[in-house]
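Let's take a friendly walk through this structure together. Please keep the sequence and the 3D view open as you read.

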Amino acid sequence: MSNSLIEVNNLKKTFGGLTAVDIKQLGFNKGQLTSIIGPNGAGKTTFFDLISGFQNSDSGDIHLKNKDISNFQPYKIARMGMVRTFQLTKVFDRMTVLENLLFSGSEISNDSLFKSVIKSKSQKKYEENLKDKAKNIMEELNILHMADSYARELSGGQKKLLELARSIINEPEILLLDEPLAGVNPKLAEDILLLIKKLSNEGITILMVEHNIEAVMKISERIVVLAEGSLIADGNPNEIRTDRNVIEAYLGKDND
Amino acid sequence: MKISNKFLFAVFLTGFSIYLVFALNPEGASRILLNLLTFAGIYGLSAIGLNVHFGWTGLLNFGHASFMGVGAYVTLILMPHAAGREGEITSTGLPFIVALIIGILSAALFGLLLGLPAIRLRGDYLAIVTIAAAEIFRLLVRDLESITGGVYGIINYTENLQQYRPNFINNFSESLGFSPSQAWVCLVAWISILFTVLFLKRLNNSPWGRALRAVREDEDAVRAMGKNAVWLKLQSFMLGAGIAGLSGVLLAFNYGSLETTVFVPLLTFYVWAIMILGGVGTITGPIFGSIIFWVIISETDRLAFILFENANGQQLAGVRFLLVGLLIMALMIFRPSGLLGKKEELLLDVK
């Protein structure tokens, strides 16, 4: 096997006659911040769905840390340290911001029905530690003042922040961010970018799907370009900027 | 502890409903009230179980009657009883409490069995499957005459519970003109509610309760956080089904004989109405909802009689459903979150 943290081979997914994803080989290295770009319908989100287990591929295999995860349930993949966010932000609307974080940070064993009936001291202590951890993250992301608000009351940008906070509370090894800047105001986008950069510097491997090319160019170490499900370019931002295929994929459609 | 206005309003409305019973029934009001409170306790308990499914976990369960039915049938069959066309007597059996526990566990197990294939469905699809499963259960019970007594039902089982009736109930009932056996069932029902509420209160703010609410809000996000949403839903299904099973047993003891027509879908819809009236997602809401609901059910024909003096029985029944319908409409318009539900947590929109 290769040294890649995540690796896919001959990965294919079709919807009826439409090929959503068809990738021969693609690997991602530990610690790298990689952006996946491409025109609408290029298969970026489907690719995320496949590697995070939310959709099953038609053929091909997916390896995470040299383990075949092709038919794994999403929650198993998440437990292996790969956590994703969603393009359309998914927060727990009718729970408070704090509860959102506590749920996400809590281990499976802490959630058990038995322990919750017994209400052991150890569970209480665990919850207190968890609360501190959640508070620290909320402080870092500037949402501490919203801790007791229902998540549905947050603005779009704040929801993105909450989703990010929820994803990092368990210190994942790999983060899959699906359009973390979509619908976010420029100032907040700047903050989120800084945060992503910081997480990357802390050693988290990050894969990001994003349409904001300027932001992508600024923070990515590597850029992977998809068009119509296939890989058309792969390299550092400078290489991608001048890549002929990429320019055609983005601009060619206008000429048709 | 601060008592909220909502709570006071619920208590007031419940008190007013009970007052209505006395106002509308110059004679025998206390007996009517006992009957009504017994049903209210049993249905309220069932609605509390349904709230674990729907209010906490967002599971659209329209087969609640079958969980009540499984609990009732398993418990009764395990105890001494008579069943079927000839009233065939089974004179040996387990003591009440053992049979009850097995009955409750069976209801929970039925929840698990129904849940395993069905729980992956969302929203209305789960509703369709549960209502179908409940009907399959009911028809199966009807046709398994050798075990369940079929359409002839089960009789002669009430002594299993009544033998434990304390003496004070007898004295107390005599002075008030109650049926002592119903007073005892009523007491057992309300004690069951008390313990169930205490148990659920304990769970509500626990990490487990929190996880159920997260499932209710967004299953995909739950999975993305590394949690097994299916298992959480199954646990919720089993807990709520177990509570329903207990209420089913009590319902059987209140009726004194049991047949399959008790568990028609209408039973499920009554329980739903009670839960919505009391407040989806609340723990104590269904208690108030249930009392008020039963006052409405049992007293609307009297109210209708006052409004339409010359109406006959059939016409009165029509007016009664009209009044119930109007009341539910008014409720949905002016207080969709029910008596105790929080407006910010309004839970009736299903994904």
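A:S122 sits in helix α5 of chain A, which covers residues 121-140. This is a predicted model, so the values here are all computed from its coordinates. Is A:S122 buried or exposed? It counts as exposed, because 10 C-beta neighbours lie inside 10 Å, and the cut-off for an exposed residue is 12 or fewer.

Along the chain, A:K30 and A:S122 are 92 residues apart, and their C-alpha atoms are separated by 35 Å.

## Two domains in chain A

The domain assignment divides chain A into domain 1 (6-91 + 155-255) and domain 2 (92-153). Taken over C-alpha atoms, the centres of domain 1 and domain 2 of chain A are 27 Å from each other. Where they touch, domain 1 of chain A provides 11 residues and domain 2 of chain A provides 15 residues. On the domain 1 side of this contact you will find seven nonpolar, two polar and two charged residues.

## The largest nonpolar core

How many residues does the largest nonpolar core have? The count is 171 residues, and those with the most contacts inside this core are A:A165, A:I206, A:V225, B:L76, B:L250 and B:I274. Domain 1 and domain 2 of chain A each supply at least three residues to this core. As general background, nonpolar side chains in soluble globular proteins tend to be buried together.

B:I274 is worth a look of its own. Setting aside neighbours within four places in sequence, B:I274 is in contact with B:Y43, B:G44, B:A47, B:P286, B:G289, B:S290 and B:F293.

Conventions:
Residues are numbered from 1 along each chain as its sequence is written. Chains are lettered from A and ligands numbered from 1 in the order in which they are written. This is a predicted model: local features need pLDDT of at least 70, side-chain atom pairs count only at pLDDT 80 or more; totals for chains, interfaces and linings use all residues. Domain bounds come from an automatic or database domain assignment. Two residues are in contact if their C-beta atoms, placed from the backbone, lie within 7 Å. Ala, Val, Leu, Ile, Met, Phe, Trp, Tyr, Cys and Pro count as nonpolar, Asp, Glu, Lys and Arg as charged, and the others, Gly among them, as polar. A nonpolar core is a set of buried Ala, Val, Leu, Ile, Met, Phe, Trp, Tyr and Cys residues joined through C-beta atoms within 7 Å. A residue is buried if 20 or more other C-beta atoms lie within 10 Å of its own, exposed if 12 or fewer, and partly exposed in between; C-beta atoms are placed from the backbone. Helices (H or I, at least four residues) and strands (E, at least two) are DSSP runs, numbered from the N terminus.
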